Amino acid sequence: PAHHPSFPLTSPASASTALAAFDHVVRGTPSFRPRSGQRAMAACVAETLATADLGEHASPNRAIAVIQAGTGVGKSAAYAVPAIALALERKTRVIISTATVALQEQLIGKDLPALSKAMDQPFTFALAKGRGRYVCKLKLERLVGSAADAALFDGDDASVATSRASALSEEAQLERRQRTFESMAQALSQGHWDGDRDSLADAPDARDWSLVAAERHTCTVRHCPHFRGCSYYEARLRLADANVIVANHDLVLASLGMKTLPDLDKCLVVFDEGHHLPAVALDQFGSHMDLSNLRWLDRLPKTLQDVAGKLLLSLPEDVQTASSNLKANLTTLARMALDTVWAHTGRNARGEGQDGQFRFSQGLLPEAWEAPVSEIGALARALTKAWETLGAQIKTIAKEDPSQAASCAVHYAQLGALAPRLTSVVTTTQLLLEHGEQPLAKWLEVDSASGFLTVTAHACPIVPGDLLRQFLWSQVRGAIVTSASLTSCGSFDFFLREAGLSNAEHVQTLEVASPFDYARQGTLAVVPTQADPKNAAPYTAEMVARLMQDIEHVPHGALVLFTSRAQMQAAVQAIPGHLLDMVLVQGQQPRTRLLATHAQRVQAGQPSVLFGLQSFGEGLDLPGRLCETVFIAKLPFAPPTAPVDEARAEWLRTLGRDPFQELVIPATGIKLLQWTGRAIRTEDDVAHVVCYDKRLTTQAYGRRMLAGLPPYRLITPGN
């Protein structure tokens, strides 16, 4: 980019200094050895971040590098050392955002402590978490001694939710909850616990935690009597002092404009596991509302009136009437939703088959829906205005009369518990009524898994790249996006489109190959089944029969990846008796325990085979004998029934484009790259990948995917 005399870029020396810091760490760390790919990545990181203008600039220079770093490259050190060195030199900070807790823990517990010892310049680091991971001491104090007061801080009906959570009686539930709250309070007061949910010895029940979790809507900040010892704000102070902040993609996107994290235009940013960004964006900017559990609307007017009465304040709206009308309209919409879903799914006269989903074609609501949805939105906005007005008055009283601050904090927390539900109604109705050139995905769901019939309405944008371009990249000045799987079928094009980074002059890409010798260390066998993989029943039967024969010969550890739970269940049911003890199935016990059992078996010289779904196809690190074979049951095409994917495919077809070629194949190519990546994890591994889906070699799109995989030695077994 051109040098602007009024707004100079960082000097080129910054990049060389950052790279020199990386070289120093490699030379000074016994466990490191020079790798050309890792150094090439570090050089790219240094050059990219050195040329980004941070802070106030009339025409800032932006620089983003998208780097695919194959397994074994050592990408954490390659991005962290240059980024930290530059941040220290430029007197700014680094945000490292990940998608998984496992990588966060690795960075905080292993990688960053090691780098802080190896680098010449000292630096500090901290983990950023959402507010809801910390306890609200005010809520906990109110509930200790009276767990039955949970309704004070809950927007749901306590007794109904209790009966959902457990078959225990309500009295037994309250006693158990009381013991939980007392234990938390005691640990806090004795200094044995810092208020972080993740540092509790025993993970609390999600229902219990929701009653004491810190929330933005229930917090009066400095007016709270516990502010000085607030667990969340103490964690925020640690972030303020840190040179490196480890966060996650959800938190980064949710915090845009919220001041939870440093401004993105004033710091350097690294998105590790960057292939998750598009999906996280859709989750963040979509919305849904519950049409069935409406007891909170019975308590809403009473809460508002009680709080207003105690503080001698007036309410701006007739909240009783508005709440009643909102409940009536939501109930009407719930009936309409049930009729729509049941007509679509073919519910029978006995009420069977009541669960289901219905998507509105082209994102268009039926005319009969527009009036009730509009009315619901208007009523929810009126109640939100009443809540906001009353909340503002409470904060004013707390500010002007410190003697009332404690009681005001309690009242504000009571009000705030209702805010998320109101917000979801306001946001969802707005999205349901929105219609432009690019439609939204809009759908209904009916679910009885909890023992109660739950009816929800959903709305979500369908193009993640547009969201990321508008809300994220417009703020970022210097960033690295990295992962082991950013290319699909050998190209970055799909990811760049999905991430909103296509056709941008300030974006560059780099593919750093794994140091592993895949042709020597592994094979890829494509098994030609007689049945067509498109014919699910006969294909699954044949695939399962072949799989049973193959796992019979597993000497140590193996992983089988399935594309659906039904497919995995068919395999489980087919396991012969003499193999039952060697198979471990995802979901039968907690993941950590399952993997520990697998490792123990292999280390004891026993064969062990893991059966898993999509989440086992990514991020699972099973080196050496723990995974000598990866069996892939079928090419991991996304389920065609996912509403957002369905809506996007429908829209593309109206534009004359082919969603299978444009979306499905590239997305499947990335998943396949992740799945095969479970096989070889170190330079000493020897492993095999077995895919039972012949389309990988017989179809043109399969060969495209194959071209994007590591260069395993390809073999085709006979029939």
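Colleague: What is the accessible surface of the chain, and what percentage of it belongs to carbon and sulfur atoms?

Modeller: This is a predicted model. The accessible surface of the chain is about 31,700 Å². Carbon and sulfur atoms account for 51% of that surface.

Colleague: What makes the chain agree with a compact globule?

Modeller: The radius of gyration does. For 719 residues, a compact globule would have a value near 27 Å. The chain has 28 Å, so the two agree. The C-alpha atoms fill a box of roughly 80 × 75 × 55 Å along the principal axes.

Colleague: How many helices and strands are there?

Modeller: The chain has 26 helices and 18 strands. As for burial, 52% of the 719 residues count as buried. Now take contacts between residues at least 6 apart in sequence: 81% of them join residues at least 24 apart.

Colleague: What about charge: how many positive and negative side chains are there, and how far apart are the centres of the two sets?

Modeller: There are 68 positive and 73 negative side chains. The centres of the two sets lie 2 Å apart.

Colleague: Why is Ala392 called partly exposed?

Modeller: Buried needs under 20% relative accessible area, and exposed needs over 50%. Ala392 has 41% relative accessibility, so Ala392 counts as partly exposed. Ala392 lies in helix H14, residues 367–400. From Ala392 to His226 is 166 residues in sequence and 20 Å in space, C-alpha to C-alpha.

Colleague: What makes strand S9 mostly covered?

Modeller: Strand S9 spans residues 454–460, and seven of its seven residues are buried.

Colleague: Which residues point each way from S9?

Modeller: Thr454, Thr456, His458 and Cys460 point one way. Val455, Ala457 and Ala459 point the other way. All are buried. In a regular strand, side chains alternate between the two faces of the sheet.

Colleague: How do you know that S8 and S9 pair?

Modeller: Two strands pair if there are at least two bridges between them. S8, residues 441–447, and S9 have seven bridges, in the antiparallel sense. Val446 has Val455 of S9 as its bridge partner. The hairpin of S8 and S9 has six residues between the strands, and Gly451 there takes a positive phi near 95°.

Colleague: And in what sense does S6 pair with S9?

Modeller: Antiparallel, over four bridges; S6 covers residues 287–290. Asp290 has Thr456 of S9 as its bridge partner.

Conventions:
Residues are numbered from 1 along each chain as its sequence is written. This is a predicted model: local features need pLDDT of at least 70, side-chain atom pairs count only at pLDDT 80 or more; totals for chains, interfaces and linings use all residues. Side-chain values use heavy atoms; hydrogens and water are left out. Helices (H or I, at least four residues) and strands (E, at least two) are DSSP runs, numbered from the N terminus. The radius of gyration is taken over C-alpha atoms; the globule rule is 2.2 Å times the number of residues to the power 0.38. Buried means under 20% relative accessible area, exposed over 50%, partly exposed in between (1.4 Å probe, protein chains only). Contact means heavy atoms within 4.5 Å. Accessible areas come from the Shrake-Rupley method with a 1.4 Å probe; for residues, only the protein chains shown count as cover. Lys and Arg count as positive and Asp and Glu as negative; His and the chain ends are not counted. The place of a charge is taken as NZ of Lys, CZ of Arg, CG of Asp or CD of Glu.
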